[in-house]
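Q: I am just starting to read protein structures, and I would like a close look at the inside of this one. Please walk me through it step by step, in plain words.

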Amino acid sequence: MTDSSCATTVSKALKINNDLARYGAFAEIGAGQEVARHFFQAGKASQTIAKTISAYDMIVSDEIYGREANGRYVCEPRLEKMLDHEYKLLIERLSGPRGASTCFFSFASTVATASVGSNKQSHGWMGVRFQASPGGQANEIILHVRMLDRHRLQQQEALGVLGVNLIYGAFYGLNDVDNFVSHLVENLKDDQVVIDVIKFNGPDLKHFDNRLMNLELVHKGLAEAIMFSPKNEILNVADAVYGKSLLIQRGTFRPVTTTHIDVIQKGVAQLKGEVKAIEGKDLEILPVMELTMHNLLTDGDVNEKDFLERVETLTSLGYHVLISNFRLFYTLKRFIRRYNQNLMALIIGASHLEKLFQESHYKNLEGGLLEGLGKLLEQKTKVYVYPHKTSQMCMTTKSFFPPNNLRHIYTYFVESKQIVDVSGCDETADYLHSGDVIKMIQAGDSAWEKFVPEKAVKAIKTQKLFGYK
């Protein structure tokens, strides 16, 4: 991205205005003409802007772009309709007189800002649809953003800077995949925005891997978490978890084992039995496999091949996958509660109870372990405990004994049914860790295939993973 690292927002807008090959429309709903404003202020905007529109009135907006089935305006489908409508109008009206020398584009955003003290989320969708060459096919980059500033004016300013960076990147940054995400937040302060979804689509963007670009958001701290669907699509977490009851299993899944599958299946069965009693209605259960960035890093870097293999295997088994920056469960719970207030459960092996009650994990909290567990556990958040069974023992909630000073706290959560056993020792096989499977593979013991789902077996064999020969 040429000279962008020292370019101001206005200078970026001016460069685009002076690029006579670029011509397009701006449609912005919800926070003013914050992006278009920079192009007007930079000067020579008539060389870039064919049209700007702000369809704030809902009836007017629906007449132009159509009504959403769910009645929402700040959502991805609305953004897509805006981009599509404005882009098609440009092509229809202007491709004849100037199509041979012009790369047309449409920029759109649909945003909800929030004032201090409001319970509403300040967030929005923005995107740009563009030609990389005159007469070329359309490409598209879209993203979901949360503005973290407290005041509306600051939120609007952040949105304007981000929008200019997005357009600038689409025009001049396509050859710099490694730094594309970093350039998106140039001229923004730290912790001013969260970008939790980014998608690239089009013939000139095939070198952008959506999965790796979204992982980069988490790696750089621009997103707290990202989610993949069973179809390996990038999802907005807020939309994916809305109205559902969640079951989350954390692990490395390197590789996923039959134990992991049994854990989540038994957890789902138990959660189904509790949802109606607590919620008073049936809810869809969303089982989620979660990996933390800590478990994806090798010497501070992400092993991209390893990451893609794990995600693809888990999604191929029909599970949603969450990649997060949350090392402690209470921070994960707090993140989910931003979007979902329904019953949820985190499911762990009984051997992990010791870590849950390790006081050093909560030393950054004033109230220590008691505050951390208090933030994690309440009537609609539970920890499910799957038996840790070996040939010598079987560990459940009943066989875990924390230090004496924590025993009363543990008893309280167990008796309150916030820490709950899942299944029993007679209904489960020996607990098999991913590391156990890797040892068998490396030792040439073909028995490993019995302990790994069929799709994972195929991936390990075809890609020669974990030392398989």
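A: Let's begin with a word we will need: a residue is called buried when its relative accessible area is under 20%. Keep in mind, too, that this is a predicted model.

Helix α2 is a friendly place to start. It covers residues 34-42, and its buried residues are E34, V35, A36, H38, F39 and A42.

The largest nonpolar core has 108 residues, and the members that touch the most others in it are I141, F307 and I323. The biggest contribution to this core comes from α5, with eleven residues. If we set aside neighbours within four places in sequence, F307 is in contact with R211, L212, L215, F228, L296, V302 and I323.

Next, look along strand β10, which spans residues 285-292 and includes I285. Is I285 buried or exposed? Its relative accessibility is 14%, so I285 counts as buried. Leaving out residues up to four places away in sequence, I285 touches S245, V268, L271, K272 and V275. Take V275 from that list: ten residues separate I285 and V275 in sequence, and their C-alpha atoms are 8.8 Å apart in space. Strand β10 also holds T292. With a relative accessible area of 5%, T292 is buried as well. Beyond residues up to four places away in sequence, T292 touches R250, S324 and F326.

R250 is a handy link to the open spaces. In the largest pocket, R250 is one of the residues nearest the centre, along with N295, F329, H352 and K355, out of 28 lining residues. The elements that give two or more residues to this lining are β9 (245-250), α9 (258-279), β14 (344-349), α12 (353-356) and α15. Strand β14 supplies the largest share, three residues. The volume of the largest pocket is about 830 Å³. What kinds of residue line the largest pocket? There are nine nonpolar, 15 polar and four charged ones.

The second largest pocket holds about 460 Å³ of space. Its lining has 18 residues, with R72, V74, A112, Q121 and H123 nearest the centre. Two or more lining residues come from each of β4 (123-131), β5 (138-147) and α8 (237-241). By class, this lining divides into seven nonpolar, five polar and six charged residues.

How many cavities of 30 Å³ or more does the structure hold? There is one, and the largest cavity has a volume of about 100 Å³. Residues lining the largest cavity include F253, P255, D306, R310, A456 and F466. Helices α10 (304-316) and α16 (454-463) are the elements that give two or more residues to this lining, and α10 gives the most, with four. Sorted by class, the cavity lining has eight nonpolar, one polar and three charged residues.

Our last stop is the cysteines. A disulfide is a covalent bond between the sulfur atoms of two cysteines. The structure has one disulfide. It is formed by C394 and C425, with their sulfur atoms 1.9 Å apart. C394 sits in strand β17 (residues 394-395), while C425 is 31 residues away in the loop between β18 (419-421) and α15 (434-442), and the pair links distant parts of the chain. The torsion about the S-S bond is about -95 degrees, so this disulfide is left-handed. C394 is partly exposed because its relative accessibility is 24%, and C425, at 23%, is partly exposed too. Two further cysteines are buried: C75 has a relative accessible area of 3%, and C103 has a relative accessibility of 4%.

Methods
Residues numbered from 1 in each chain as written. Predicted model: local features only at pLDDT ≥ 70, side-chain atom pairs only at ≥ 80, totals over all residues. Heavy atoms only, no water. 1 Å grid on protein atoms, 1.4 Å probe; cavity = no way out; pocket = protein on both sides within 12 Å on 5 of 7 lines; lining within 4 Å. Points joined across faces, edges and corners; volume = space filled by probe spheres on them. Nonpolar A, V, L, I, M, F, W, Y, C, P; charged D, E, K, R; others polar. Buried < 20%, exposed > 50% of the residue type's maximum accessible area, 1.4 Å probe, protein only. Contact = heavy atoms within 4.5 Å. Disulfide = S-S within 2.5 Å. Core = buried A, V, L, I, M, F, W, Y, C linked by side-chain atoms within 4.5 Å.
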